[in-house]
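Hi,

Here is the structure I promised to pass on to you. Have a look at it first, and my notes on what I found follow below.

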Amino acid sequence: MPSLQDRVLETLRREQLVPPGGRVFAALSGGADSVALTLLLREIAPAGGFALAGVVHLNHRLRAVAAADERFCRELAARLALPIEVEQADVRGLAGREGISIEAAGHQARYALFERVAGGERGARVATGHTRDDQAETYLMRLIRGAGPAGLAGIRPRSGRVVRPLLRVSRRELRAYLAKREQPFREDETNRDPAVTRNRVRHELIPLLEARFSPSVVDALARGAAIARADAAWIEAAVDAAASTVVTAGAEEARVDAPALRRQPPALARRLARRALEHGGRRRVGFDHVERFLALAAAVGSGGGGADFPGCRVERRGPLLVVRSARRRGAPRGAVEPFRHELRVPGRVRVPEAGLEISAEPAAGAPSGRLAARGDTVAVAARDLSPPLVVRSWRPGDALRPLGMRGRKKLQDLFVDRKVERATRHRVPLVADPGRGIVWVVGHTVADDFRITPTTEGMLILKARKLRETG
């Protein structure tokens, strides 16, 4: 059997987690998995052709021992002669402000830190210590919630700048690796809190499945996640092909050919229905909403009528189902619902909320002519982008490093500086990478993280056009 180090190297290479000559930061909490990750990356960096640039630690300020955890990480980094980036976050306060769980707030704070640390370097990555056990737990949690193939795909090896090279390794192997090196680590008592769903899955459900059904259930679940990930990618490609004949997405509405929708296999029909509803309502919809939509499609031809869905209204019109956004009662004049559209590369997307069409096209060499960051056409470095991109509206708390600036700036402050009226700020489209953050504030600035330099290897041309100009 290949050594632990060889398996991690093979994962890095097969999944192309780090570009040749790239720099990697290890996310270090002080727990066993993250400590083992740091030591392993340090060992295999020369053979892997990358550099371990340092470690990153977020003090969540949730536990009485948080300061001791931080001190442990600082001391380990010093012993390994690695730079360390430490940040403290009021995770409990963030959860209260955002109306989300403590776990979700911690995740949000960690990944924001990862982006800040790695975002200033081309090719930089942050590695996390997610293991095969984490993958199995995630698969089970999503299965219990009734997720489809996309959800059952579980933890992906790469999400933007964040990479997970230990997904083929078990926790038990990592503990044995640390014991052999007599390397201590920190135990997090919250990992046994039964109020947390993942902990119940970890300490109750999986041991039951191992004892009563199969001792290798973790391997089986992780394998199921890998199969679901490949299936989900294939299904999305099939949906793209079918959408061209079933769904017509316009500036004000989405039209669905109901007879054509009924002819699709159920797996495709559900996904096409979801796309139409999310295009019309700009909100995520659930399984029950999709089933109601399909029932409407089945009744087309029996008369008029319609139904309300999250953020939209669906009306029967001849052989069509027409999905139109529902206006909020009492909304200020000129206000729009939050929006989010997918932008493929190459590709284009209509953004009716802004009256624009946004396109993305790869290009080679230097851009012809001088492209102004505040114009309607910009060039950005493409190497570290992970398409599809998204075009979305501004959210409170959004920030970026404007082109030519050293520090980050909140978009609210940028809008004030640029004299963008409050009533129109939510109409300004933002082109963003789901893993790396905002790439272009359309018409205002490119993020400095994506600037074109003399050494830029890949380039993306982003262009905004008024809808009336596109026909």
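Helices here are DSSP runs of H or I with at least four residues, strands are E runs of at least two, and both are numbered from the N terminus. Please keep in mind that this is a predicted model: local features need pLDDT of at least 70, side-chain atom pairs count only at pLDDT 80 or more, and totals for chains, interfaces and linings use all residues. Residues are numbered from 1 along each chain as its sequence is written, and side-chain values use heavy atoms, with hydrogens and water left out.

Helix α8 itself covers residues 171-180, and its buried residues are Arg171, Leu174, Tyr177 and Leu178. (Buried means under 20% relative accessible area, exposed over 50% and partly exposed in between, with a 1.4 Å probe and protein chains only.) Looking down the axis of α8, these buried residues fall within an arc of 120 degrees, so they line one face of the helix; the arc is that of the directions from the helix axis to the C-beta atoms. They pack against α1 (4-14), α2 (32-48), α6 (132-145) and α9 (197-212), where contact means heavy atoms within 4.5 Å. Arg172, Ala179 and Lys180 are exposed on the other side of α8.

Next, the sheets. Five strands form an open sheet in the order β7-β8-β11-β10-β9, with antiparallel pairing; two strands pair if DSSP finds at least two bridges between them. Its edge strands, β7 (247-249) and β9 (306-309), each pair on one side only. Within this sheet, β10 (residues 312-317) and β11 (residues 320-325) are joined by six bridges, and Val314 sits opposite Val323 in β11. Helix α12 (residues 266-281) lies across β7, β8, β9, β10 and β11, at about 35 degrees to β11. (Axes are lines fitted to C-alpha atoms, for helices over the stretch in contact, and angles run from 0 to 180 degrees between N-to-C directions.)

Further along, β13 (residues 347-351) and β14 (residues 356-363) pair in the antiparallel sense over five bridges. Four residues separate the strands of this hairpin, and Gly355 has a positive phi near 70 degrees. β14 also pairs with β22 (residues 459-466), antiparallel and over eight bridges, with Ile358 opposite Ala464.

Lastly, Arg401 lies in the loop between β17 (399-400) and β18 (409-410). Arg401 is buried, at 16% relative accessible area.

Best wishes
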